[in-house]
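Please read it alongside the sequence and the structure.

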Amino acid sequence: EIYRSISGIAFLMFWPVLFSLVVYLVTTKTQISPYMIPFCIVPIVVFNFYGGRLALMVHITVVLLASFLSELGYEFTFLQILAGMITVLIISETRYWNKFFQSILVIMFTYLVAFLGLSLINSGSLVSDEYPIFGWLVVNSLLLLLAYPFIPLIEKLFGFTSSITLAELADMNMPLLKELSLKAPGTFQHSLQVSNLSQAAAEEIGANSLLIKTAALYHDIGKIKQPEFYIENSSGVNHHEKLNNFESAKVIIDHTIEGLTMAKKAKLPKIIIDFIATHHGTTRVEYFYRNQMAAEPDREFDESLFRYPGPKPKSKEQTILMIADSIEAAGKSLKSPTGQDIDKLIDGIVAYKIKEDQLADSDLSFSELEACTRVFKKLLRSIYHVRIEYPKEA
C-alpha cells in the first residue's frame, strides 16, 4: 500500500534523512549532546498515519543510522530503541492534550530509569560526567511536544489525514454540517444515527472508529441540493409524484454525485470523499426499479439507469458505513418492531449486499462482518426500545 504511493515513499524516506542531518549537525557543529535529540517524534507522527508496527520499524532505522553517525555506542542505541518501543505502546491519541502529556511523562521516566540502569551496569555507580545527560534527556522529552504541531504540517506536506483533522471535521459547526442541519434536518439526524452505528461496529473489530464517525456525518451532504425529494425531509409530501420512475431514480442517485462535488469544493480530505462515493456501491435504487418493473412489465430499459455509479467499498470502514446506512434507513420502516423483526431486517440487508456482490472488493472478513452485525442488532434494539410485551389485565 505504501510502496504504491509516491507520498508514502517520500514520507518514509523523510525521517532517516531529516534525523541523519540533525545528528550530523549536532555532533559536528555544536556542543549539544545527541541525547537531547527527540527521536521519539518519529514513532509518534508515523503512528498517526500508518499504525504502530511501521512506526517502530521506521524509528529503529532512524536510531541505527543516528548511532553510526554519532558513535555513542550501544547504550545510546539501546536507550533510543527502548524509548521508541514504549512510545508505540502508550501513544494512542495525540488529539487530547492530557493523554499526550501523560505519554510524554512516561517516555521521560523510561529515559531516566533506563539510563540510570545502564550507568549502574557499566560502572557500578553514577559518575559526575554522567549527570548532565539526565538533563539532556529531560529536554529531549519536553521537545516531544513539538510532535503535536508537527502532525498537521506533515499531513499538509504529504497529503495525509490525521486524527486531529478528523476530530476538527466532526465538529458540528463545520460549514457543510451546519448547512446540512439547516436545509436537510432529517438527513442530518439520519447521518448522526449512522455515525453512532458505524463507530460502535468499527470499535468492535478494531477499525478506525474516528474516521468512520466523521465520514458518516458527511456521507449524505449531496442531499442538501434537493432535500425535499428524500423521505426524511419531506414532511409528508411526496415530491416524486410529479416525476416518472427514471427521473426519481436519477434524483436519488445524484445525491452521491452532488456530494462529491460539494466535498471537493469544500476541500475535504480524499479519504472522506471516498466514503461519499462508495456508501451505496453499485446497488440499485430498488424502490423505483421495482415500481418501473410493475408499471411497464413489457418495456425494456437499461437497468444501469437505476444503479449508483459506485465504486464498491474497499476498506473495512467504507463497508461498515454502507451497511449501517442501509440498516438505519430501513429501520424507519418498522412499526413497533420486535427483536426478531430487527434481526430479520439486518440479516436480510447483509444478505442482499452479499448477493449483489457489493462486498467483493472489501477488506472486511466474514468473521468481522458477523461481529458488526451483532453490534447493529444490539444497538437497533436499544434505539427502538424493544421490550417484553406484558399480558393485558383482564
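The points below are grouped by topic. The model is a predicted one. The protein has 17 helices and zero strands, and 48% of its 394 residues count as buried.

**Overall shape**
- The radius of gyration of the protein is 27 Å, whereas a compact globule of 394 residues would have one near 21 Å.
- Along the principal axes, the C-alpha atoms fill a box of roughly 90 × 60 × 35 Å.
- Taking contacts between residues at least 6 apart in sequence, 73% join residues at least 24 apart.

- The accessible surface is about 20,800 Å², and carbon and sulfur atoms account for 60% of it.

**Nonpolar cores**
- The largest nonpolar core has 48 residues; Tyr 218, Ile 221, Leu 268, Ile 272, Ile 320 and Phe 376 touch the most other members.
- Helix H11 gives this core its largest share, seven residues.
- Another core, of 45 residues, lies apart from it and includes Val 46, Val 58, Val 62 and Val 63.
- In soluble globular proteins, nonpolar side chains tend to be buried together.

**Helix H13 and Ile 272**
- Helix H13 spans residues 270-278, and its buried residues include Ile 272, Ile 273, Phe 275 and Ile 276.
- Among the elements covering the buried residues of H13 are helices H8 (163-169), H11 (209-218), H12 (245-265) and H15 (316-331).
- Leaving out residues up to four places away in sequence, Ile 272 touches Leu 166, Leu 169, Leu 211, Thr 214, Ala 215 and Tyr 218.

How values were computed
Residues are numbered from 1 along each chain as its sequence is written. This is a predicted model: local features need pLDDT of at least 70, side-chain atom pairs count only at pLDDT 80 or more; totals for chains, interfaces and linings use all residues. Side-chain values use heavy atoms; hydrogens and water are left out. Buried means under 20% relative accessible area, exposed over 50%, partly exposed in between (1.4 Å probe, protein chains only). Helices (H or I, at least four residues) and strands (E, at least two) are DSSP runs, numbered from the N terminus. Contact means heavy atoms within 4.5 Å. The radius of gyration is taken over C-alpha atoms; the globule rule is 2.2 Å times the number of residues to the power 0.38. Accessible areas come from the Shrake-Rupley method with a 1.4 Å probe; for residues, only the protein chains shown count as cover. A nonpolar core is a set of buried Ala, Val, Leu, Ile, Met, Phe, Trp, Tyr and Cys residues joined through side-chain atoms within 4.5 Å.
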